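Thanks for coming. I will talk through one structure, and you can follow along on the screen.

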Amino acid sequence: MRYTISFYLRIAFQNLIVHKARMTLALLGILFAVMSLVAFGNISNGMKQKIEAEIGKFGKNLVIVRAGLVFAAGRSTRQFSESKTLKLKDAQLIKESLPGVMEVVPYFDMSYPARYKDSSLTVSVSGITNKVFDIRNIDLVTGRYFTEQEDAKAEKKAVIGYKVFENFFPNEDPIGKNILVFRVPTEIVGVMQEKGTDFAGQDQDLQVYVPLNAFMRRYSNVDYIKGMYVQVEDGYSLTGMKTTLRGFIRKIHNVKPEQKDDFSIFTMEDILRTQEEGIRLVSVLTVIASTVSFLIGGLGIFAIMLLSISERKMEIGIRRVVGSKKRDIIIQFLSESVIVALVGGIGGIVAGFLITIIVDIIGGFPIVFSMNIPLALVISMVIGVLAGIYPAMEGTKYEPVKALHS
Amino acid sequence: MIDLRNIRKSYFVGDRELPILKGIDLSITKGEFVVLMGVSGSGKTTLMNIIGLLDKQTEGDYTFAGTSVDGLDDERLADMRNTYIGFVFQQFFLLPYLDAIENVLIPIVYSKKGIKHPREKAKMLLGRFGLEQRIHNKPSQLSGGEQQRVAIARALVNDPEIILADEPTGALDSKTGGEIMDLFQMLNEEGKTIIVVTHDPKLATLGKRLVRIEDGAISEDITT
């Protein structure tokens, strides 16, 4: 039995080698189908990981409430209308009244020029409570966060972004130094790790965090806030929380039913959804394309097997003469079509991985190999069997004597 | 070994009956060397196909190795061919993409005899026929005589009792053909039953027994 199988395999490979050109054509369809499946599976997983990482970088389970109407789409947000109705006490009410809310971090942000010695830089200053460091996963390279007490006393302390640090203090320890933010001298207590650009296109490394109370009283004399981050407990859906928050804020703002919201609510996921929808659309197209490719590949193998069998009547005849049964003929030709399909499938996997590496490098995605290789091989095998079964049955129709004398 | 009783074979063209064999009675026992001679169209090839279990008679009884083969199905016949008969053909019928030794080994693939060390055996047979330097050559790299010797090795590899040869020298020059016939004689001396089908009168005296077929019937059966 072992000899039989190795013999069939040997013959199958011999045939593959003898008829390189036509076999290559026959397996190309399968190769392309598997290649596109594998490449797309890997690349889309890389993209998803990148999106996940971006969400992680922004902070998990966050709902963002912003004053006025804000339109969030793609990779940016756009302010449609301003509103001064969002207050600090709204944030307190939300934290106290709504179940599932773990933390609320109100903020007020604004672009200001900052200056140290002779250099100046436009930075984004956020007045914020010190909980922000926790919920937005902000790590420091040096120094400390400002504290709740410093916030309560409206002290002028700052945690600065990495680029601010690089610009102002190329050869200096920044901790304890004062920079001028707008016109307010502010003491640096910490420097954030490099974070890059966030979803809104905001360069996180040009950020300066100061205590919210200090900001509202000393930097920019306001009694309202620009927005707040609402951190949701695990187990509560972000979408559900958005609905709850909307109803609640409309109620405390006394918005009449016919009036529009004077605030906007969105999540990181909302912003990235368009990207994920794009991936999903491409994945549907990929499945369609590779299905068509598999069909064409199957037809190719089918045609080549029919041709091969009609060319090999003598072989079938002599095999039948020396004792092969119809079953043996079927097994032999089926194993040939399966091997052709498998070679195509393996080629497709290799090609798919090459494409994955190239695209991931060019696109800056993490390289993830996640396509189920056994699945690709099983599909190839099934195509091989389906494409080979009819030709193999045809092969058994040659009676030994007639096959030899035709 | 082989016992044919009143074998008739007809082909039907439309509703017209075309008789090919018209009542053949023939017994061949173990160890014989029979030359079945007849001109083209005499029915000798049809008779050989029936003897070789490749075709079925229309009428009559055929007992092969003690078994009546009349009611046997395809599978059973394939097994019996594999077990008892080694076939040699005029056109050799070697598979072009396999080398000599792989060609010799084909019957082993379907064998139930459990032949030990088939590769060594195939090598030994090829060596015996002077092909030890040729075992990894493809048929296209071999001369006609060499190809026929590979085919004979293939016929022998599964230890059959009978060698059935259809015009084995037909595609060879007379010198090479003579060498092939010598080979059959040697195998016969070792105890194999040999049946050679031919139209070539020069081969008539090479066997121990000559059976002449004419127009679908045996016209002469002489033991020399």
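I will go through confidence, then the contact between the chains, then a sheet.

This is a predicted model, in which local features need pLDDT of at least 70 and side-chain atom pairs count only at pLDDT 80 or more, while totals for chains, interfaces and linings use all residues. Residues are numbered from 1 along each chain as its sequence is written, and chains are lettered from A and ligands numbered from 1 in the order in which they are written.

Chain A has an average pLDDT of 87, with 96% of the residues at 70 or above; pLDDT is the predictor's confidence in each residue, from 0 to 100. Strand 3 of chain A, residues 76-79, has the lowest confidence in that chain, with a mean of 64. Where pLDDT is low, the predicted coordinates should not be read in detail.

Now the contact. Chain A gives 21 residues and chain B gives 21 residues; two residues are in contact if their C-beta atoms, placed from the backbone, lie within 7 Å.

Last, the sheet in chain B. Six strands make an open, mixed sheet in the order 6-7-8-3-9-10. Strands here are DSSP runs of E, at least two residues, and helices are runs of H or I, at least four, numbered from the N terminus; two strands pair if DSSP finds at least two bridges between them. Strand 6 (85-89) and strand 10 (217-223) of chain B are the edges, each pairing on one side only. Strand 3 (33-37) and strand 8 (193-198) of chain B run parallel, joined by 5 bridges. One of the bridge pairs is B:Phe33 with B:Ile194.
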